[in-house]
Amino acid sequence: MKNSDIADHFEELAALYELDGAVSYRVIAYRTAAKAIRESGASVAEMSRQGRAAELPGVGKTIAEKVAALLDTGTIPAAEKLKAKIPVGLVEITKIPGLGPKRVRLLHTEIGVTSLDDLKQAAEDGRLKDVAGFGAKAEENVRAALADGGPKPRTLLSTALALGEELVEGLRGHPAVLRIELAGSARRRAETCKDLDIVAAASDPAALVEAFGELSAIDEVTSSGQAGAKALTHQGVPVDLRIVPEASFGNLLQHFTGSGRHNEALRTAAVKRGLHVSEYGVTEDSVTTTCATEQEVYERLGLDYVEPELREDRGELEAAAKGQLPDLVRLEDIRGDLHSHTVASDGRNTLAEMAGAARDRGLDYLAVTDHSATHGFGNHVTPDELRRQIERIAKFNETLDGFRVLAGTETNVLPDGTVDYEDDLLAELDWVVASVHTSFRLSEKEMTERMVTAIEHPLIDVIAHPTGRLIGKREPYAVDLDQVIEAAARTSTCLEINANPNRRDLSEVYAREAARAGVKILIDSDAHGAETLANMRYGLATARRAWLTADDVANTRSWEDLRALRPR
DNA sequence: GCCGTTTTCGGCCCGACTGTTTTCAGTCG
């Protein structure tokens with residue numbers, strides 16, 4: 001069973017306990033455990049079989065036993081028992097804004113609601129407002145939420161970031177602005193964002209709120225006041241602008257950058273030192289001091305500054321307290337891009353255009369890795385064409401000084417783990433990327449064998465987008481990444497963080513696990529046009545969220561040093 | 001239910017908003 005499936009079971013169990021009226025700390029404990037399970041880079045099923053599940057933070061003896069039972073029988077006995085008295089449909093209802101466990105429980109006991117359909121009917125019949133604590137407004141909210149078609153999908157980082165940066169830059173020049181920053185999950189460079197948070201200090205808050213409402217990207221301001229405003233963009237993305245005095249800008253930025261879990265852990269740790277942290281300042285013995293910068297907030301708490309990408313409660317506070325935070329890889333550390341396409345396959349630009357664009361971006365080398373013969377989508381490169389391409393690149397390099405194009409391929413890994421060019425042709429290339437583009441639905445065992453076979457091929461330098469996922473669109477294919485990582489470490493084969501914002505594959509969790517296992521990671525744009533070389537920033541975001549340093553990332557090296565990692 | 005440089009028992013982040021109340025519980029981020 002996958003980590004995410006196990007985590008889903010414990011999320012459901014937490015919701016059931018909550019509806020049952022269990023003490024909140026027990027509910028929180030199950031949610032914390034579910035997060036740890038979901039974010040484990042190693043297989044929790046495997047850990048459980050080895051009796052090591054309790055090594056996960058937030059998983060103790062009780063939850064470890066429940067994991068074992070789940071793996072054994074497919075269900076958690078405690079969850080089955082709860083479902084006998086609490087309809088599982090109520091869990092869905094708690095996802096409607098404004099309907100928490102207490103109120104949903106009331107709907108169940110008072111008017112017998114057991115599902116979203118029941119709720120819809122009750123709202124249409126006007127029976128909701130008869131329940132104690134519910135009024136006309138509550139009934140209207142429920143109707144609106146149900147008519148709305150449920151929760152909005154989260155926005156991909158690339159869209160959210162472009163939007164957020166446009167909004168912030170649109171306000172930065174305003175005369176009332178003293179400081180302004182994009183905060184929230186966009187600043188943490190998460191894969192997707194629910195909303196955008198903008199934090200500002202202003203000499204005239206009302207004027208800034210007015211200017212905010214007039215930005216061309218804003219469709220409608222839903223509420224506003226001296227402290228800020230809430231609005232929706234034309235795409236329907238909620239935006240929250242918060243304004244504070246300049247003296248506490250650092251506190252507010254820290255608070256609204258989150259994550260919620262990071263802040264919770266930060267405050268818990270602070271309480272042990274007798275300090276109380278909020279968005280307004282740090283309080284000790286009822287004296288509150290404000291911080292103009294985030295650096296001051298962390299310093300005040302005896303911690304090293306924590307980069308936004310690390311603020312996910314994944315051990316960053318312990319590391320910050322010990323001075324052991326990683327020196328995260330930066331965009332300017334990246335020397336080359338080892339996965340790109342040209343018009344020879346399905347790219348939009350020529351070899352020379354791609355090389356020029358890469359050079360303009362400050363890179364020293366670019367591998368051109370057009371799709372191989374069995375790609376099956378758009379144009380592909382036959383063996384003879386690939387030989388001509390190698391010659392073309394050699395000639396082209398003679399015209400360059402201080403930049404190098406590498407002759408490469410993105411060769412298809414076939415279901416049996418072999419690739420679709422002969423070895424003697426692969427041997428003529430500078431760089432060989434291999435990836436899966438077809439037959440996604442193999443069993444986990446078959447897919448794992450396929451990947452490991454490719455990794456063991458001595459001429460394959462890197463496995464690209466190793467799980468095949470598309471964020472919010474396609475699940476990773478079934479593959480045992482523990483084995484893939486082990487094989488990559490053993491054979492010095494690189495694993496890619498594909499920087500396409502739809503992919504970001506490896507994900508941060510597995511990239512961290514792979515680097516820990518000693519695998520060299522590549523961050524590649526997989527650009528299909530000159531402009532998408534800029535996608536490197538999203539791959540970098542994933543690498544930073546995976547705690548990677550420049551040393552962990554192979555393409556921070558010169559081509560000569562990188563080549564030395566993969567001797568032929 | 002978890003966890004321990006103040007604890008193996010007694011804690012477990014902080015503040016704002018909302019609706020339906022006559023002083024606040026529930027919900028949210």
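Predicted model: local features only at pLDDT ≥ 70, side-chain atom pairs only at ≥ 80, totals over all residues.
1. The rings of phenylalanine 10 and tyrosine 30 make a stacked aromatic pair, with centres 6.3 Å apart and planes at 15°. Phenylalanine 10 belongs to helix H1 (residues 3-19) and tyrosine 30 to helix H2, so this pair ties together parts that are 20 residues apart in sequence.

2. Tyrosine 30 has a further partner in tyrosine 17. These two rings are also stacked, at 5.2 Å centre to centre and 20° between the planes. The link again runs from helix H1, which holds tyrosine 17, to helix H2, which holds tyrosine 30, and the two residues are 13 apart. Tyrosine 17 is buried, at a relative accessible area of 10%. Phe10, Tyr17 and Tyr30 form one aromatic cluster, and the structure as a whole holds six aromatic pairs.

3. Do have a look at arginine 26 while you are there. Arginine 26 lies over the face of tyrosine 17, 4.7 Å from the ring centre. A charge over a ring turns up elsewhere as well: the charged end of arginine 512 sits over the ring of tryptophan 547, at 4.0 Å from its centre.

4. Two cis peptide bonds are worth checking by eye. One joins glycine 258 and serine 259, with omega about -5°, and serine 259 is in the loop between H13 and H14. The other runs from aspartate 505 to leucine 506, with omega near 10°. Leucine 506 is in the loop between strand E16 (494-498) and helix H22 (508-516).

5. How many residues surround DNA strand B? There are 35, and the closest are Gly60, Gly98, Gly135, Arg267 and His276. By class, this surface has 16 nonpolar, ten polar and nine charged residues. Helices H2 (24-38), H4 (61-73), H7 (101-111), H9 (136-147) and H14 (260-271), together with strand E8 (276-278), each supply at least two residues of the surface.

6. What part of DNA strand B faces the protein? Of its atoms within 4 Å of the protein, 75% belong to sugar or phosphate and the rest to bases. On the phosphate side, a polar backbone atom of glycine 98 is 2.7 Å from a phosphate oxygen, and a polar side-chain atom of tyrosine 280 lies 3.3 Å from a phosphate oxygen. On the base side, a polar side-chain atom of arginine 267 is 2.6 Å from a base oxygen.

7. Asparagine 251 is found in helix H13 (residues 249-257). The residue is buried, with a relative accessible area of 1%. A polar atom of its side chain lies 2.7 Å from the backbone nitrogen of cysteine 291. Beyond its neighbours within four places in sequence, asparagine 251 is in contact with Ser278, Glu279, Tyr280, Gly281, Val282, Thr290, Cys291 and Val297. Among these contacts is Tyr280, whose side chain was mentioned above for its place by a phosphate oxygen of DNA strand B.

8. Valine 59 counts as buried, at 7% relative accessibility. Leaving out residues up to four places away in sequence, valine 59 touches Ala33, Ala53, Ala54 and Ala64. For a sense of distance, valine 59 and leucine 163 are 104 residues apart in sequence and 39 Å apart in space, C-alpha to C-alpha.

How values were computed: Residues numbered from 1 in each chain as written. Chains lettered and ligands numbered in written order. Heavy atoms only, no water. Near = heavy atom within 4 Å. Polar contact = N/O pair within 3.5 Å; in protein donor to acceptor, adjacent residues only side chain to side chain. Helix = DSSP H or I, 4+ residues; strand = E, 2+ residues; numbered from the N terminus. Nonpolar A, V, L, I, M, F, W, Y, C, P; charged D, E, K, R; others polar. Phe/Tyr/Trp six-rings, centres within 6.5 Å; stacked < 30°, edge-to-face > 60°. Buried < 20%, exposed > 50% of the residue type's maximum accessible area, 1.4 Å probe, protein only. Lys NZ or Arg CZ within 6 Å of the ring centre and 35° of its normal. Contact = heavy atoms within 4.5 Å.
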